[in-house]
Amino acid sequence: MQKYMDYSKRVEELAELLAKKDGVNLSKLLRRTNPVDIEEFISTLSSDDALLVFRLLKKEDAIEVFAKLDPSDKDKIKKGLNDAEFTDLLEDLDFDDMIDTLEEMPASVVQKILRNTDPEIRKRVNQYLKFPEDSAASLMTPEFVELKINMTVKEALTTIKRIGKDKVTVYTCYVTDTTKKLLGYVSLRNLVTSDENTLISSLLYEDVISVRTDEDQEEVARTFQKYGFTALPVVDKENMLVGIITVDDIMWIIEQEATEDFQIMAATTPEEEEYSKMSVWKLAKNRIPWLMFLMISSAFTSTILRSYEAVIQSIIALNMFIPMLTDSGGNAGSQTSTLVIRAMATHDVELSDWMKVFWKEFRVGVVSGLSLGLVSFLKCMFFDNVGVEISLIVAVTLLLVVITAKVVGSLLPMLASRLGADPAIMASPLITTIVDSVGLIVYFNIAQMFISVAPL
C-alpha cells in the first residue's frame with residue numbers, strides 16, 4: 001500500500017512540474033524515478049507531453065522506457081523524432097526489443113528505417129523478421145556470451161570483459177565448437193572461482209536444455225516454467241546456437257497466452273491490445289460473432305420445448321423447474337471444463353488420459369448429482385408442494401443432467417485439442433448451451449416415462 005501511495009505522489013509531482021514546464025526540476029525528478037513508473041506516466045500523456053518527458057530522460061533510461069512502452073505509446077515518441085534520431089534509438093535497444101518494435105510498424109516504414117542502419121544490423125534484422133511470429137526464434141536475441149570449448153578460464157573471463165557490456169546476460173555462458181554447435185554451458189560463478197589455467201571443457205555442463213527455432217512460443221514458456229531458467233539457448237536443426245531467450249520476454253508470453261485463453265473462455269475474439277485502450281466498437285466487434293453463434297445455438301432450446309409441448313401442457317408444473325435444471329447443468333459443465341482446460345494447459349493432463357478423465361468426472365458427476373437430486377427432491381416436495389411424482393422426475397433429471405454435464409465438460413476440450421482447435425473454445429458459454437439442450441431432452445423424456453400423456 002505504501003508503494004502505491006509513493007508512486008501516486010511521484011506521478012502528481014511529475015505532472016505538476018510538467019504542467020509548469022519546469023524542465024530542470026522535472027529532469028532531476030525523472031532521474032530519481034524508476035523507468036517502469038516513467039513508462040506508466042508517459043502512457044497517460046499526450047503526444048507532445050510524452051515526447052517532452054522522453055527527451056528529458058538519461059540515455060539509458062530512455063532506452064529502457066521505450067522498450068517497455070505499448071505500440072501506441074511508442075508511436076507518440078516516434079512521431080516527434082526525425083529518422084536519424086529514431087534509427088539511433090533503435091540501434092541502442094536490445095536486439096530483441098528492436099525486433100519487437102519493428103514488427104509493430106508498417107513494412108514500408110521498416111524498410112525506410114533499415115536503409116539508414118548499419119549493414120550488419122540490417123542483415124541480422126531481416127533474418128529475424130522472417131521467422132514465424134509465434135516461434136521461439138521470434139523471441140530470441142543474439143546478444144549472449146559465447147565461449148569456445150578449447151578456451152581456458154583466463155581466456156573466457158577476458159572475452160566476457162570485452163563483450164559482456166553489450167550482452168543481455170553474462171551469468172550463463174554458452175559453449176560451442178568451431179562450427180557453432182552447442183556443447184553445453186558454464187556459469188560465471190564457476191569461472192570466477194576456478195583457476196585461470198583450467199580448461200572450459202572441464203567445467204562444462206553438457207546436459208543443456210535448449211529449444212528449436214521453429215518451436216511454438218507456448219512450448220517455450222512451458223520449458224521455462226518446468227526448469228525455472230532465466231535464459232534458454234535457441235538452436236537450429238543442426239543444433240547450432242543462434243540465440244537465447246530471456247525470462248523477461250517469456251513472462252510476457254505467459255501473460256499473453258493466459259489472457260488469450262481467458263478471452264476465448266469468455267466467448268470473445270482474442271485481442272492483444274489492452275482492454276482500457278480498446279474502443280467500444282472494437283470490443284463489440286470481438287464479441288458479436290460469438291454472441292450471435294451462441295444465440296443461434298440456443299435457438300435449439302425453443303425447438304426442443306416445441307417438441308415436448310404435449311408433456312408441458314399436460315403438467316404445467318414442469319415449467320417451474322426448467323431454469324433450475326439448465327442452470328445446474330451449465331454450472332456443473334463449466335466447473336469441469338475450466339479445470340480440464342487448465343490441466344491441459346499445464347500438461348497435467350494429456351490427450352491420452354481421456355479415459356481417466358472421463359471415469360473421474362463420471363464419478364464426480366454421480367456424487368454431485370445424487371447430492372443435488374436429494375436436495376431438489378426435498379425442495380419440490382415440501383416447499384413447492386408438487387407431489388412425489390414431479391419431485392422424483394426433477395431429482396432423477398438433475399442427477400442425469402449433472403453426470404452428463406461433467407462428462408461433456410471433460411471430453412469436449414480434449415476433443416477440440418484432438419481436432420487441432422484451442423481447448424478454451426469449449427468453455428463456459430458453449431458448454432452451457434450444449435448442456436441446456438441435452439438437459440431439456442433428458443427432462444422431458446423422463447417425464448414421458450413417468451406420466452401417460454394424452455395426444456393433443
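Trainee: Is Asp75 buried, partly exposed or exposed, and at what relative accessibility?

Mentor: Buried means under 20% relative accessible area, exposed over 50%, and partly exposed in between, with a 1.4 Å probe and protein chains only. Asp75 counts as partly exposed, at 32% relative accessibility. Please note that this is a predicted model, in which local features need pLDDT of at least 70, side-chain atom pairs count only at pLDDT 80 or more, and totals for chains, interfaces and linings use all residues. Residues are numbered from 1 along each chain as its sequence is written, and side-chain values use heavy atoms, with hydrogens and water left out.

Trainee: With which residue does Asp75 form a salt bridge?

Mentor: A salt bridge is a side-chain nitrogen of Lys or Arg within 4 Å of a carboxyl oxygen of Asp or Glu. The partner of Asp75 is Lys79, with the closest N and O atoms 3.3 Å apart. Lys79 is exposed, at a relative accessible area of 65%. Helices are DSSP runs (H or I, at least four residues), and strands are E runs of at least two, numbered from the N terminus. Because Lys79 and Asp75 lie four residues apart in helix H6 (residues 71-80), about one helical turn separates them.

Trainee: How many salt bridges does the structure hold?

Mentor: There are 14 salt bridges. Among them is the pair Glu146 and Lys148, whose closest N and O atoms are 3.3 Å apart. Glu146 counts as buried at 19% relative accessibility, whereas Lys148 is partly exposed at 27%. Salt bridges that share partners also join Lys58, Glu60 and Asp61 into one network.

Trainee: At what angle do the axes of H5 and H7 cross?

Mentor: Axes are lines fitted to C-alpha atoms, for helices over the stretch in contact, and angles run from 0 to 180 degrees between N-to-C directions. The axes of H5 (residues 59-68) and H7 (residues 83-92) come within 10 Å and cross at roughly 85°. H5 is therefore roughly perpendicular to H7; that class covers 65 to 115 degrees, with under 35 roughly parallel, over 145 roughly antiparallel and the rest oblique.

Trainee: Which residues make this contact?

Mentor: Contact means heavy atoms within 4.5 Å. H5 contributes Lys59, Ile63 and Phe66, and H7 contributes Phe86, Leu89 and Asp92.

Trainee: Against which helices do the buried residues of H19 pack?

Mentor: They pack against H18 (322-345) and H20 (387-418). The buried residues of H19 include Val357, Glu361, Gly365 and Cys380.
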